[in-house]
Each structure stands twice: as C-alpha cells, then as structure tokens.
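Me: I'd like to learn how to read a fold like this one, feature by feature. Can we walk through it together?

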Amino acid sequence: MTRQTIQTDKAPAAVGTYSQAVKVGNTVYVSGQLGFDPDTMELKEGFEAQAKQVFANLKAVCEAAGGSLSDVVKFNVSLTDLSDFAVLNDVFADNLSEPYPARAAVQVAALPKGGVVEIEAIMYIE
C-alpha cells in the first residue's frame with residue numbers, strides 16, 4: 001500500500017512535526033485538530049466556538065483526503081474540562097448524522113497553545 005500525506009490550506013498548518021493527515025490504502029488518519037482559524041492561526045474564544053472550528057478544520061482535511069465527515073469511523077476527543085461534554089455532544093449532533101461513528105472523549109490537563117478541545121479522526125473511504 002502507498003502512504004500519502006494530506007495537506008490543505010483550508011485547515012490550520014501543523015504546529016509541530018506532523019502531517020494534517022496520512023492516507024494508507026482506504027484509511028485516513030486525521031491528526032488532532034484544535035480550534036484555530038486557518039486564516040489567522042488564532043484560537044477561537046471559548047469551548048463552543050473552538051469545537052465548531054475544530055469540526056470545520058476536520059471537514060476540510062477530510063475533504064482534502066477525498067472523503068467527508070460521514071466517512072469518519074472513529075473520533076478521539078480530548079478536552080480540558082469534562083463539564084463541556086454536553087456542548088460537545090451538541091456540536092457533534094450539528095455536524096454528523098446517524099449512524100454515528102465510534103468515539104472516545106477524555107479530559108486532559110492541557111492542550112497545545114492553550115486550546116480547550118482537540119479532536120482526531122480515522123476515516124475509511126471506499
């Protein structure tokens with residue numbers, strides 16, 4: 001199988017030594033996205049705004065890889081405060097439809113650049 005690096009200007013540039021996504025065969029591994037506006041590289045204010053931006057960033061990377069959010073089979077969510085879980089669910093519901101993919105959500109002590117939510121994804125494209 002071939003390994004392809006995915007990159008788009010419609011999502012924030014990597015802030016470290018990683019790719020926005022890597023495609024191997026029909027599977028795409030999307031790196032964790034934070035709530036950065038790709039044009040300004042500034043974090044949105046507050047949990048809900050960051051979560052919505054994260055989904056916009058994920059959508060852009062998925063599309064650059066030839067898929068969409070509906071092709072995601074698993075999300076891994078890191079948030080700095082589990083009390084934001086209900087808002088997280090609302091943002092997921094606004095961006096996805098049933099059948100929903102698998103998901104894990106954990107509280108972490110901190111995220112890069114002061115973010116409050118980071119989401120990574122695994123996408124399968126037929």
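Me: Let's begin with one residue. Is Lys113 buried or exposed?

Reply: Keep in mind that this is a predicted model. The cut-off for exposed is over 50% relative accessible area. Lys113 has 60% relative accessibility, so the residue counts as exposed. Its place is the loop between β5 and β6, and its phi is near 60 degrees, a positive value in a residue other than glycine.

Me: While we're on the backbone, which residues does the cis peptide bond join?

Reply: Glu98 and Pro99, with omega at about 0 degrees. You'll find Pro99 in the loop between α2 and β5.

Me: Now the sheet. What is the order of its strands?

Reply: The general idea is that strands of a sheet pair through backbone hydrogen bonds, either parallel or antiparallel. Here you have an open sheet of 6 strands with mixed pairing, in the order β1-β2-β3-β6-β4-β5. β1 (3-6) and β5 (102-107) are at the edges with a single partner strand each, so one side of each has no neighbour in the sheet. From one strand to the next, the twist averages 15 degrees.

Me: In which sense do β3 and β6 pair?

Reply: Antiparallel: β3 (residues 27-33) and β6 (residues 117-124) are joined over 5 bridges. To locate the pairing on screen, find Tyr29, which stands opposite Ile122 in β6.

Me: Which strands does each helix meet?

Reply: α1 (residues 47-64) lies across β1, β2 (21-24), β3, β4 (72-79) and β6, and runs at about 25 degrees to β6. α2 (residues 85-95) packs on the sheet too, touching β4, β5 and β6, and its direction makes about 150 degrees with that of β5.

Me: And how do I read the two helices against each other?

Reply: Start with the axes: those of α1 and α2 come within 10 Å and cross at roughly 35 degrees. The crossing is right-handed. Then list who makes the contact: Phe47, Glu48, Ala51, Lys52 and Phe55 from α1, with Val87, Leu88, Val91, Phe92 and Asn95 from α2. Sorted by class, that contact has 7 nonpolar, 1 polar and 2 charged residues.

Conventions
Residues numbered from 1 in each chain as written. Predicted model: local features only at pLDDT ≥ 70, side-chain atom pairs only at ≥ 80, totals over all residues. Heavy atoms only, no water. Pairing = 2+ DSSP bridges. Helix = DSSP H or I, 4+ residues; strand = E, 2+ residues; numbered from the N terminus. Axes fitted to C-alpha atoms, helices over the stretch in contact; angles between N-to-C directions. Contact = heavy atoms within 4.5 Å. Left-handed = near helix turned anticlockwise from the far one by under 90°. Nonpolar A, V, L, I, M, F, W, Y, C, P; charged D, E, K, R; others polar. Buried < 20%, exposed > 50% of the residue type's maximum accessible area, 1.4 Å probe, protein only.
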